[in-house]
Amino acid sequence: MSPRFLLDGMLGSLARWLRICGYDAEYLRSAPDEELIRRAVESGRVLLTRDRMLYRKAIKAGAEAFMVEGESDAEKLASVSRRFSLKLDPERSRCPQCDAPLAAVGREAVRGRVPPRTFEAYDEFWVCGSCGKVYWRGSHWRSIVETVREASRRAEAADGPGHSL
Ligand SMILES: [Zn+2]
């Protein structure tokens with residue numbers, strides 16, 4: 001089973017990337033350390049942070065925690081992917097807004113819920129089962145795929161020697 005994550009207030013962007021790749025990533029924007037740690041322990045989520053103090057406190061309290069490395073989104077995503085052997089694939093997205101699974105729907109299902117030009121231009125849409133937000137693969141999709149591929153390459157490159165080309 002895939003690990004589920006809890007991200008601290010500095011990692012909102014990484015939470016969205018993990019969701020795009022299909023991983024359950026809860027994000028608490030402004031929770032105090034104690035609340036983050038309690039939530040991680042109670043829900044069995046891995047606490048992701050860049051805050052060494054928080055990391056130490058979490059480990060001491062019996063939570064599973066990981067210090068995320070890297071500067072860019074792709075580097076951070078690669079860092080988590082490496083540690084937890086995550087397959088990075090944007091085809092299996094969860095809702096970037098609220099973390100719920102997305103369901104693929106046909107075009108008629110979103111009539112009136114997306115701009116008319118979008119409705120005409122795309123055949124495939126995805127609807128969030130929780131917040132109801134509608135997604136489609138617009139012009140930003142290519143750059144999303146590019147970032148995920150870069151993260152994937154970085155994660156594999158760091159696996160060490162012995163990799164075939
Ligand atoms: Zn949603």
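Across which strands does helix α1 lie?

1. Helix α1 (residues 12-20) lies across β1, β2 and β3, and its direction runs at about 155 degrees to that of β2. Helices here are DSSP runs of H or I with at least four residues, strands are DSSP runs of E with at least two, and both are numbered from the N terminus. Axes are lines fitted to C-alpha atoms, for helices over the stretch in contact, and angles run from 0 to 180 degrees between N-to-C directions.

2. Some cautions about the model come next. This is a predicted model, in which local features need pLDDT of at least 70 and side-chain atom pairs count only at pLDDT 80 or more, while totals for chains, interfaces and linings use all residues. Residues are numbered from 1 along each chain as its sequence is written.

3. The sheet under discussion is an open one of four strands in the order β2-β1-β3-β4, with parallel pairing, where two strands pair if DSSP finds at least two bridges between them. Its edge strands are β2 (25-27) and β4, each of which pairs on one side only, and the twist averages 25 degrees from one strand to the next.

4. Within this sheet, β1 (residues 5-7) pairs with β3 (residues 46-49) in the parallel sense over three bridges, and Phe-5 has Val-46 as its bridge partner in β3. Three bridges also join β3 to β4 (residues 65-67), again running parallel; in β4, Ala-65 is the bridge partner of Leu-47 and Phe-66 that of Leu-48. In a regular strand the side chains alternate between the two faces of the sheet.

5. Helix α3 (residues 52-60) forms a right-handed β-α-β unit together with β3 and β4; right-handed means that, with the strands pointing away from the viewer, the path from the first strand over the helix to the second runs clockwise. Helix α3 also packs on the sheet, touching β3 and β4, and its direction makes about 155 degrees with that of β4.

6. Which residues of α1 meet α4? Ser-13, Leu-14, Trp-17 and Leu-18 in α1 meet Asp-73, Lys-76, Leu-77 and Val-80 in α4, where contact requires C-beta atoms, placed from the backbone, to lie within 7 Å. An α-helix has 3.6 residues a turn, so residues three or four places apart point the same way. Helix α4 (residues 73-84) packs against α1 at an angle of about 65 degrees, with their axes 10 Å apart.

7. Is α1 mostly covered or mostly open? Helix α1 is mostly covered, since seven of its nine residues are buried, a residue being buried if 20 or more other C-beta atoms lie within 10 Å of its own, exposed if 12 or fewer, and partly exposed in between, with C-beta atoms placed from the backbone. Leu-14 and Trp-17 are among these buried residues, and what covers them includes β1, β2, β3, α4 and α6 (141-157). Helix α1 is followed by Gly-22, whose phi is positive, near 95 degrees.

8. Ala-31 is found in the loop between β2 and α2 (33-43), and Ala-31 counts as partly exposed because 15 other C-beta atoms lie within 10 Å.

9. A further open sheet has three strands in the order β5-β6-β7, with antiparallel pairing, and its edge strands are β5 (102-105) and β7 (134-135). Strands β5 and β6 (residues 125-128) pair over four bridges, with Leu-102 opposite Cys-128 in β6.

Key. Contact = placed C-beta atoms within 7 Å.
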